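Okay, thanks for having me, everyone.

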Amino acid sequence: MYSWRIVLIPFSLLYGLIVGLRNWFYQLGVFQSRSIPGASICIGNITVGGTGKSPLTAYIAQLFKEQNPVILSRGYGRKTQGLHIADPNSSASDIGDEPMMYWTSFNHKIPVVVAEKRQTGVNWIREHHKNSLIILDDAFQHRAVKAGLNLLLMTYDRPVFKDFVFPAGNLREPRAGMKRADIALVTKCPKDLPENKKTLFRKKIPLKTEHIFFSEVIYGELKGLFGAVWENFDQLILVTGIAQPEPLYRFLAENHRVESINFPDHHSFTREDIQQIQQKVATFAHQRCAVVTTEKDAVRFAEWQEVILESQIPFFVQSISLKIDREEDFKALLKNYVVRANERGC
């Protein structure tokens, strides 16, 4: 916790009290929480900012691609409201950047549904995809619906047990919220994290030891956007609108000269933003320069494809994936749950 945030502790205590009461009312049944029929997995966190939910959502959708998964999201940052079903004409403005990323990366073969009220989305899915596995993206605090399996994420460098409730800290709710999870995944771990450090970490998470896993981000190849072809560029400009661009910057800087332009998380790019990028590239006029962005940002840049092509600036997308320790055990927990849920639904 930053030292200057200490002055915000009274506001955090008030916020924590309100959220704690809300959770207590759900526990008592004062507020109704409806169990989702059939198999459903909630992927969420109790930390403000990026914990790696999107890569894990895609990972689970790929793992269960034979079980007819459907991804359900709020669709944060979209310009529409209510229930919206992704279709070939959808854009990030219609359904949000993360849902659009899922829709695009799975080549429109996995349904993506967005709804502020998750119950509305659940009802639609169960009507149109009766026996599907519902994957709820970022719904841990959405208590109006209750998933069959709750998967909680936290980053290694910002552990929940060392944090404080917002605004003095980065927690969306008090630490006790961890107890609602069935499985915890510690993300963005250093490479080859020693077992003794994992053991110390596990001791501070109120879940079964065998239900706590660790993962690291694996950066894949740079993929050309809008037909760009990779060369040995002299300079890269990293352009992002995500919560934590620093790890990607450090990775690229290992082998390239990199400068960055950072926008707020879920930022909707404008013509002025494209001009800003052009101006930045122009400062390297005598060098071969390319722009690198993330998969989530790429779907928002898609709406500016024509302008970007006219600029003749090559854009590339950094692909990422997860490497999960004890991966077979992790998969087994998920698969066993889905099998049991489907059997109960028969």
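Before I start, one term: when I say two residues are in contact, I mean that they have heavy atoms within 4.5 Å of each other. And keep in mind that this is a predicted model.

Asn107 follows α4 and has a positive phi, near 55°. Then comes His108, in the loop between α4 and β5, also with a positive phi, about 65°, although it isn't a glycine. Most residues other than glycine have a negative phi, which is why I point these out. His108 is partly exposed, at 37% relative accessibility.

Let me step back to the whole chain. We have 11 helices and 14 strands. The C-alpha trace spans about 65 × 50 × 40 Å along its principal axes. For 346 residues, a compact globule would have a radius of gyration near 20 Å, and the chain has 21 Å, so the two agree. Of those residues, 49% count as buried. If you take the contacts with a separation of 6 or more, 77% are between residues 24 or more positions apart. As for charge, I get 43 positive and 36 negative side chains, with the centres of the two sets 8 Å apart.

Now the inside. In soluble globular proteins, nonpolar side chains tend to be buried together. Here the largest nonpolar core has 37 residues, and the ones touching the most other members are Ile41, Leu56, Ile60, Phe64, Leu151, Phe330 and Leu334. Apart from that core lies another one, of 32 residues, including Ala147, Val165, Ile205 and Leu207.

Next, a pair of single residues. Is Ala115 buried or exposed? Ala115 sits in the loop between β5 and α5 (118-128), and its relative accessible area is 1%; the cut-off for buried is under 20%, so Ala115 is buried.

Lys280 is partly exposed, at 24% relative accessible area. Again skipping neighbours within four places, Lys280 is in contact with Ile237, Glu259 and Ile261. Glu259 is 21 residues away in sequence, and the C-alpha atoms of Lys280 and Glu259 are 9.2 Å apart.

The peptide bond from Phe166 to Pro167 is cis, with omega near 10°, and Pro167 lies in the loop between β8 (149-155) and β9 (183-187). Further along, Asp192 is in the loop between β9 and α6 (195-202). Asp192 has a positive phi, near 55°, and counts as exposed, at 59% relative accessibility.

Key. Residues are numbered from 1 along each chain as its sequence is written. This is a predicted model: local features need pLDDT of at least 70, side-chain atom pairs count only at pLDDT 80 or more; totals for chains, interfaces and linings use all residues. Side-chain values use heavy atoms; hydrogens and water are left out. Helices (H or I, at least four residues) and strands (E, at least two) are DSSP runs, numbered from the N terminus. The radius of gyration is taken over C-alpha atoms; the globule rule is 2.2 Å times the number of residues to the power 0.38. Buried means under 20% relative accessible area, exposed over 50%, partly exposed in between (1.4 Å probe, protein chains only). Lys and Arg count as positive and Asp and Glu as negative; His and the chain ends are not counted. The place of a charge is taken as NZ of Lys, CZ of Arg, CG of Asp or CD of Glu. A nonpolar core is a set of buried Ala, Val, Leu, Ile, Met, Phe, Trp, Tyr and Cys residues joined through side-chain atoms within 4.5 Å.
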